[in-house]
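Welcome! Please have a look at the structure first.

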Amino acid sequence: MTKKKKKKPANSPDQLKRKIPSFKPAVAGLIASLALLFLVLSSLPQEEKEISFASPAPAFQVSAGVTVEQQAGFIRLTKTAANGAPIFFLVPNVNVDADLYDVIALELKSDQAFEPGRLLFVSRYNRGFQYNFGMDFDSGLRGRFGRRLIYMRAHGAWQWIVKDILVNFGPQAKQVEIKSVKFIRANPGTLIRAGWSGLLRYGDPKLGSCFAMASPLFIWNSFNIVLTPYLLALLALAALGLLAVNTFKLNRRYGVLIVAGFFLAFYFCWTVLETRNGIFYLKGAARDVGLYWGKDKLAKREIVVGDKKFADFMEYCNKNIPDDAKLFNLVSREPPGTPPNYLWGVMSGFLQRPRATSSFHLKDEVSPPYYIVYYTDPGKIAGLENERSAFDNYVDGYLELAPGQNLTQEYFLWNRIEDITALKLTVRGEGRLSVTVLGADGKIEVGRGTLASLGSNEADFRITGLPGYLKNRVFLKVENSGKTTVKVGITREDTYLPGKLFLNGREHKGDLSFDLFYSIKSPKLFKAFGEGAYIFTR
């Protein structure tokens with residue numbers, strides 16, 4: 001007798017395997033279809049307006065300290081000044097219809113790999129070149145001509161007639177060559193390439209920034225702004241489809257297809273972002289090798305800062321200022337001949353060895369401070385002794401002071417009390433406040449505040465300090481000497497200040513929110529590094 005084979009259940013693993021179709025042919029077909037579609041879109045006609053720098057070159061201007069050489073088919077721009085402004089060239093009177101041309105193609109070569117640059121334009125919305133009216137690009141591979149596509153329509157002011165353009169290269173570029181600038185009324189294929197070029201554009205990371213893992217849903221960038229709504233809609237449709245499968249008891253294969261379709265789209269977007277990140281990191285590595293390989297520490301600092309004199313001055317400060325000194329950074333934000341705002345990212349503290357600059361390290365008496373002055377007026381050594389900010393003494397609450405009540409903030413001075421000039425408080429109400437500065441024992445008066453102005457939200461006091469008082473520990477006493485209740489701004493967060501806050505003699509959680517200003521009346525020149533670069537002390 002032959003044994004009868006047992007029938008496997010309808011939903012057994014083997015049966016399900018036979019029912020679930022293979023996605024490999026479908027994926028391969030989809031990729032081939034997309035590639036063919038891209039080739040078709042790229043072959044569609046498009047209109048171009050070209051500004052060629054082959055001989056004879058059109059009228060243009062370049063930045064100061066840059067020489068121009070006309071070569072066969074291109075121009076060569078060379079920076080001659082060591083700390084000069086970045087290389088740029090300006091083409092006036094291009095008079096391009098921005099509503100017609102949506103992509104700009106730069107054919108150029110740079111001596112720096114992936115040097116970040118910016119293309120600025122003048123339209124009806126701005127009278128001159130401004131940073132906000134421009135689009136970023138990078139220079140591509142070092143020493144090779146390449147075509148950099150910029151999708152200009154992404155800028156809201158790219159409308160009507162564009163009169164002039166300015167192509168600004170980064171501070172590290174010492175020599176660039178330009179063949180042409182093309183304004184393109186792009187076909188869909190060129191638009192896709194321009195968008196991809198923008199997605200892969202390299203930009204130097206800034207201090208304080210962080211890198212995060214690419215995700216098409218959770219990391220917000222320009223690419224996700226386009227894709228995320230569609231992915232969320234697809235997710236909602238997938239959830240509704242699964243609900244329909246379970247509700248109407250449909251074949252389980254439909255549920256598998258729905259889930260597979262969603263994750264296929266999701267992982268496609270994720271793969272695009274991961275590819276972008278990988279290319280970005282490779283560009284960064286290539287740029288770092290070209291910039292820093294074989295250079296000493298000081299040369300690397302000069303590259304990061306963009307100003308050799310400033311980097312040398314910081315090294316000079318390291319060698320001459322005592323290790324236990326208190327430092328006050330009076331460095332100008334935009335020194336002449338350097339990229340704007342370069343010190344916002346690289347402050348002088350990043351180029352100095354660690355010192356006792358925190359109030360945690362203050363001694364019983366105010367130590368001699370050192371004031372680093374770089375392209376600021378050496379006759380006006382003044383600044384903020386204590387500053388409210390989003391990370392420090394911002395206001396997140398108020399204390400009510402009834403008539404006759406007071407609050408006292410323990411504080412440790414960085415400067416002498418006689419150099420403190422003003423105190424600013426955040427208040428609510430129109431009462432009358434008085435300010436007194438008490439000494440280290442909390443009893444002897446070493447300074448007094450005179451009300452300078454009183455607004456609806458702020459009260460400003462001029463501070464007159466006792467000459468010769470050298471202790472750093474003081475108490476700022478704020479008293480309501482009027483007849484109505486006044487609210488005084490405080491912060492309930494830990495501000496990392498060692499001082500305590502007291503309300504009517506009892507310790508209170510938080511700190512007084514205030515700005516304290518200083519002005520050195522008789523500074524002494526400690527060292528002079530050169531023109532515009534000095535070290536003063538008290």
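Strand 8 (residues 116-122) and strand 9 run antiparallel and are joined by 5 bridges; strands here are DSSP E runs of at least two residues, and helices are H or I runs of at least four, numbered from the N terminus. Two strands count as paired if DSSP finds at least two bridges between them. This is a predicted model, in which local features need pLDDT of at least 70 and side-chain atom pairs count only at pLDDT 80 or more, while totals for chains, interfaces and linings use all residues. Residues are numbered from 1 along each chain as its sequence is written, and side-chain values use heavy atoms, with hydrogens and water left out.

- Across from Leu120 you will find Gly134 in strand 9.
- An open sheet is formed by 5 strands in the order 2-5-12-8-9, with antiparallel pairing.
- Strand 2 (61-62) and strand 9 (134-138) stand at the edges with a single partner strand each, so one side of each has no neighbour in the sheet.

**A covered strand**
- In strand 15 (residues 369-374), 6 of 6 residues are buried, where buried means under 20% relative accessible area, exposed over 50% and partly exposed in between (1.4 Å probe, protein chains only).
- Pro369, Tyr371 and Val373 are buried on one side of strand 15, and Tyr370, Ile372 and Tyr374 are buried on the other.
- Strand 15 pairs with strand 30 (residues 533-537) in the antiparallel sense over 5 bridges, and Tyr370 has Thr537 as its bridge partner there.

**Helix 3**
- Helix 3 (residues 188-199) has 12 residues and should span 16 Å at 1.5 Å a residue, which agrees with the 16 Å between its end C-alpha atoms; the expected span is 1.5 Å times one less than the number of residues.
- Asn187 caps the N-terminal end of helix 3, with a side-chain oxygen 3.1 Å from the backbone nitrogen of Gly189.
- Gly189, Thr190, Ala194 and Leu199 are buried in helix 3.

**The cavity**
- There is 1 cavity of 30 Å³ or more, a cavity being a set of points on a 1 Å grid over the protein atoms alone where a 1.4 Å probe fits but cannot get out.
- The largest cavity holds about 30 Å³ of space.
- Its lining consists of Leu413, Ile417, Ile420, Val437, Ile463, Val474, Leu476 and Leu516, lining residues being those with an atom within 4 Å of a point.

**An exposed arginine**
- Arg506 is in strand 26 (residues 506-508) and counts as exposed because its relative accessibility is 67%.
- Arg506 and Leu407 lie 99 residues apart in sequence, and 9.0 Å apart in space from C-alpha to C-alpha.

How values were computed:
On a 1 Å grid over the protein atoms alone, a cavity is a set of points where a 1.4 Å probe fits but cannot get out, and a pocket is an open set with protein on both sides within 12 Å along at least five of seven lines; lining residues have an atom within 4 Å of a point. Grid points are joined across faces, edges and corners, and a volume is the space filled by probe spheres set on the points. A polar contact is a pair of N or O atoms within 3.5 Å; within protein, one must be able to donate a hydrogen and the other to accept it, and residues adjacent in sequence count only if both atoms are side-chain atoms.
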